Amino acid sequence: MASAAITTMSISLVYAQTGLGAKSKPVGLNFSSPKSFKSFSGLKAASSIEIESETSFLGKESNAALQASFVPNIKPRQRFPNQLQPRASTYKVAILGAAGGIGQPLALLIKMSPLVSDLHLYDIANVKGVAADLSHCNTPSQVLDFTGPSELANCLKGMDVVVIPAGVPRKPGMTRDDLFNINANIVKTLVEAVADNCPDAFIHIISNPVNSTVPIAVEVLKQKGVYDPKKLFGVTTLDVVRANTFVAEKKNLKLIDVDVPVVGGHAGITILPLLSKTRPSVTFTDAEVEELTVRIQNGGTEVVEAKAGAGSATLSMAYAAARFVESSLRALDGDGDVYECCFVQSELTELPFFASRVKLGKKGVEAVLSADLQGLTEYEAKALEALKPELKASIEKGVAFVQKQAAEAASV
Ligand SMILES: NC(=O)c1ccc[n+]([C@@H]2O[C@H](COP(=O)([O-])OP(=O)(O)OC[C@H]3O[C@@H](n4cnc5c(N)ncnc54)[C@H](O)[C@@H]3O)[C@@H](O)[C@H]2O)c1
């Protein structure tokens with residue numbers, strides 16, 4: 001088989017394993033036809049301005065870079081004259097909790113990004129083997145492992161993006177809030193280290209309950225005097241990924257084109273999919289709205305129950321987190337067309353933090369977009385009001401946790 005054909009197969013399999021589309025074909029991708037990439041989708045959110053049917057696994061530039069790395073003799077611009085030249089792999093990413101159910105597949109997906117030069121994997125145990133395994137993949141980034149608190153500072157120095165999936169996952173019957181007592185301390189400690197060693201990094205919080213762990217991170221960063229609201233994100237991408245998938249299934253739409261904004265928070269009724277804002281425009285019966293909304297809100301529980309005690313969503317979460325990392329890296333790299341829903345400091349509502357679509361740029365959040373909240377249906381408007389007390393309480397719980405610890409430390 002010619003090397004180009006082998007390359008074709010490799011790329012195709014990449015997409016088949018990680019793209020959204022069940023309809024993606026694992027073979028037959030022809031590099032000489034730009035159109036063939038249009039049939040795949042993945043780690044790139046739809047533009048907020050218009051639907052991009054050209055969305056691709058790693059985004060426009062990364063996609064070109066990935067091709068170039070597999071077919072070095074052919075410049076991407078020759079094949080895709082309208083695409084930007086790929087940039088060098090320059091970004092440094094750390095995953096804290098990298099040996100876990102989310103951390104491992106997330107590390108694999110990030111290892112595939114041609115934008116990443118260094119991938120640092122940190123955990124309190126079992127991370128050496130994960131890094132050794134991953135380091136054998138012949139993609140550009142160098143993988144290093146770091147075990148335990150004594151190696152955390154070295155892991156973090158110079159990082160551009162820090163992703164935090166460390167903590168315990170839910171078991172059947174537990175809510176995300178039940179995780180608070182354990183994960184609050186873990187997130188606090190890790191964010192303190194981020195503040196000390198790479199205060200300019202984008203911080204992606206995955207550890208639940210995100211509605212409280214993000215405010216915890218904010219308080220820690222404030223205490224350290226390095227809080228930049230543009231660079232701290234609660235990762236809610238999985239809610240968007242689920243909403244897109246469930247709506248596409250229900251309405252028999254092409255997965256690649258569906259874009260449903262999800263706002264509010266990241267637990268139960270605080271997750272509010274704005275189905276009326278689905279693109280392409282579709283109509284739903286009242287019963288469909290209720291069924292889809294409840295399914296999207298309970299997507300995590302669906303997985304927790306199916307895993308029956310063996311953890312919560314890991315593979316779909318890794319996929320969603322990798323998409324958010326890729327979006328952040330594209331924004332850092334100067335792409336001016338990067339939009340994602342995430343849980344950030346916000347003035348869209350009376351709550352200090354709120355998940356909504358934001359525009360990402362080199363310095364983090366460039367704009368928190370209000371457009372999705374205009375012209376809500378009666379159902380959505382009521383659901384928005386209903387979620388506020390619970391989200392407010394979760395936010396306050398996070399803030400109080402850090403402030404109480406600080407007060408106790410001060411009184412000793
Ligand atoms: N944001 C979301 O959409 C979303 C979705 C699913 C799960 N989660 C959350 O992600 C977290 C991780 O889930 P998982 O399934 O990967 O769990 P897991 O138990 O499989 O992995 C967690 C990892 O964190 C590590 N860890 C524990 N304490 C640590 C510390 N102090 N420093 C560094 N690492 C530490 C563990 O050793 C383990 O490897 C959970 O809190 C879960 O609820 C979030």
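**A short tour of the model**

N126 sits in the loop between strand 2 (116-123) and helix 5 (127-135). Helices are DSSP runs of H or I with at least four residues, strands are runs of E with at least two, and both are numbered from the N terminus. The model is a predicted one, where local features need pLDDT of at least 70, side-chain atom pairs count only at pLDDT 80 or more, and totals for chains, interfaces and linings use all residues. Residue numbers start from 1 along each chain, as its sequence is written.

Back to N126. Its phi is near 65°, which is positive, and the residue is not a glycine. Buried or exposed, or in between? N126 counts as partly exposed, because 14 C-beta neighbours lie inside 10 Å. The cut-offs use C-beta atoms placed from the backbone: buried is 20 or more others within 10 Å, exposed is 12 or fewer, and partly exposed is in between.

A308 also has a positive phi without being glycine, near 45°. Its place is the loop between helix 11 (299-307) and helix 12. A308 has 9 C-beta neighbours inside 10 Å, so A308 counts as exposed.

Now the overall picture. The protein has 13 helices and 11 strands. Of its 412 residues, 51% count as buried. Take the contacts between residues at least 6 apart in sequence: 66% of them join residues at least 24 apart. Contact here means C-beta atoms, placed from the backbone, within 7 Å.

Next, two cis peptide bonds. One runs from N208 to P209, with omega near -5°. P209 lies in the loop between strand 5 (202-205) and helix 8 (210-223). Another runs from R279 to P280, with omega near 0°. P280 is in the loop between strand 8 (271-273) and helix 10 (286-297).

Nonpolar means Ala, Val, Leu, Ile, Met, Phe, Trp, Tyr, Cys and Pro; charged means Asp, Glu, Lys and Arg; polar means the others, Gly among them.

The axes of helix 7 and helix 8 come within 9 Å and cross at roughly 35°. Axes are lines fitted to C-alpha atoms, for helices over the stretch in contact, and angles run from 0 to 180 degrees between N-to-C directions. Which residues of helix 7 and helix 8 make the contact? Helix 7 brings F180, N183, A184, V187, K188, V191, E192 and A195. Helix 8 brings S212, T213, I216, A217, V220 and L221. Sorted by class, that contact has 9 nonpolar, 3 polar and 2 charged residues.

Helix 9 (residues 237-251) packs against helix 12 (residues 315-332) at an angle of about 110°, with the axes 8 Å apart. That makes helix 9 roughly perpendicular to helix 12, a word used for angles of 65 to 115 degrees. Helix 9 contributes T237, L238 and V241 to the contact. On the helix 12 side, the partners are S316, M317, Y319, A320, A321, R323 and F324. These contact residues divide into 7 nonpolar, 2 polar and 1 charged.

Helix 12 also holds E326. E326 is charged, yet it counts as buried, because 26 C-beta neighbours lie inside 10 Å. Along the chain, E326 and L115 are 211 residues apart, but their C-alpha atoms are separated by 8.4 Å.

Last stop: V93, in strand 1 (residues 91-96). V93 is buried, with 28 other C-beta atoms within 10 Å. V162 is 69 residues away in sequence and 5.8 Å away in space, C-alpha to C-alpha. Leaving out residues up to four places away in sequence, V93 touches I110, V116, L119, M159, D160, V161, V163 and V325.

Notes. Angles under 35 degrees count as roughly parallel, over 145 as roughly antiparallel, 65 to 115 as roughly perpendicular and the rest as oblique. Two residues are in contact if their C-beta atoms, placed from the backbone, lie within 7 Å.
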